[in-house]
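Here is a colleague's note on a structure, written for a student who is reading one for the first time. Please keep the sequence and the 3D view open while you work through the points.

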Amino acid sequence: MVDVSYYCPRCGAVAELDRDPYLADKSVTPFPLEGWMYVSPADDYESEAADGVKFVCGADAAEWSHPPESDADGEPGCGEPFYLNFVRYENGEEVSGQPESEYVQLAEGMAPSGPQGPNGPGFSR
Ligand SMILES: [Zn+2]
């Protein structure tokens, strides 16, 4: 297990989570990605069913601390949810999980060159 720090995208509070190093982080977002299955840090986020972790800033079962530059007193966290997204694969391809991004496939512009017939008999000795 390793300790990994995640920063709230809203207030910068830091959550520390124990997790297996093999899990691949994709991103931390203030909103859930379409198609991702989130669990809370108290749940089994290392199970295969979980695609990410939903934190409630300052409130969940993680270690919370203030942003590095902050000298604020009291409990860290803004109480808003944010989302840690693991990398997901579908059919061996990484799922982009960015509903607002539009990836245009240009594969059709890559037309293969036509079949190349034999160019005559060539050299013969
Ligand atoms: Zn926050």
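The numbered points below go from the whole chain to its sheets, its cores, its metal site and a few single residues.

1. Please bear in mind from the start that this is a predicted model. The chain has 125 residues, of which buried residues make up 29%. Among contacts between residues at least 6 apart in sequence, 56% join residues at least 24 apart.

2. In which order do the strands of the open four-stranded sheet stand? The order is β3-β7-β5-β4, and the pairing in this sheet is mixed. The edges are taken by β3, which covers residues 25-29, and by β4; each of them has a single partner strand, so one side of each is left without a neighbour in the sheet. Between β5 and β7 the pairing is antiparallel and extends over five bridges, and Gly-52 is found opposite Asn-85 in β7.

3. The strands β1 and β2 deserve a separate look, as they run antiparallel and are joined by six bridges. Together they form a hairpin with six residues between the two strands, and Gly-12, which lies in the turn, has a positive phi of about 85°. Within this pair, Asp-3 stands opposite Asp-18 in β2.

4. The largest nonpolar core is made of 18 residues, and those with the most contacts inside it are Leu-17, Val-53, Phe-55, Trp-64 and Leu-84. At least two residues of this core come from each of β1 (2-7), β2 (14-19), β5 (52-56) and β7 (81-86), and β7 gives the most, with three residues. There is also a second, separate core of five residues, which includes Trp-36, Tyr-38, Tyr-83 and Val-95.

5. Leaving out residues up to four places away in sequence, Leu-84 touches Tyr-6, Leu-17, Asp-25, Ser-27, Val-28, Tyr-38, Asp-51, Gly-52, Val-53 and Phe-55. One of these residues, Asp-51, is found in the loop between β4 (38-39) and β5. Is Asp-51 buried or exposed? Its relative accessible area is 13%, and because the cut-off for buried is under 20%, Asp-51 counts as buried. With the residues up to four places away again set aside, Asp-51 touches Gly-35, Trp-36, Met-37, Leu-84, Asn-85, Phe-86 and Arg-88.

6. Which residues coordinate the zinc ion? The donors are the SG atoms of Cys-8, Cys-11, Cys-57 and Cys-78, at 2.2 to 2.4 Å, and in sequence these donor residues follow the spacing C-x2-C-x45-C-x20-C. The angles that the four donor atoms subtend around the zinc ion are 105 to 112°, which makes the arrangement tetrahedral. Cys-8 is buried, with a relative accessible area of 4%, whereas Cys-11 is partly exposed at 30% and Cys-78 is partly exposed at 33%.

7. A reader who sees cysteines might also ask about disulfides. A disulfide is a covalent bond between the sulfur atoms of two cysteines. The count for this model comes to zero disulfides.

8. Val-14 lies in strand β2 and is buried, with a relative accessible area of 6%. Apart from neighbours within four places in sequence, Val-14 is in contact with Ser-5, Tyr-6, Tyr-7, Glu-63, Trp-64, Ser-65, His-66, Pro-67 and Pro-68.

9. Finally, please check the backbone at Asn-91, which has a positive phi of about 55° although it is not a glycine. Asn-91 is placed in the loop between β8 (89-90) and β9 (93-94). Its relative accessibility is 79%, and because exposed means over 50%, Asn-91 counts as exposed.

Technical notes: Residues numbered from 1 in each chain as written. Predicted model: local features only at pLDDT ≥ 70, side-chain atom pairs only at ≥ 80, totals over all residues. Heavy atoms only, no water. Donors = N, O, S within 2.8 Å, 3.2 Å for Na, K, Ca; no water. Tetrahedral: all angles 85-135°; square planar, octahedral: opposite > 155°, others 65-115°. Buried < 20%, exposed > 50% of the residue type's maximum accessible area, 1.4 Å probe, protein only. Core = buried A, V, L, I, M, F, W, Y, C linked by side-chain atoms within 4.5 Å. Contact = heavy atoms within 4.5 Å. Pairing = 2+ DSSP bridges. Disulfide = S-S within 2.5 Å.
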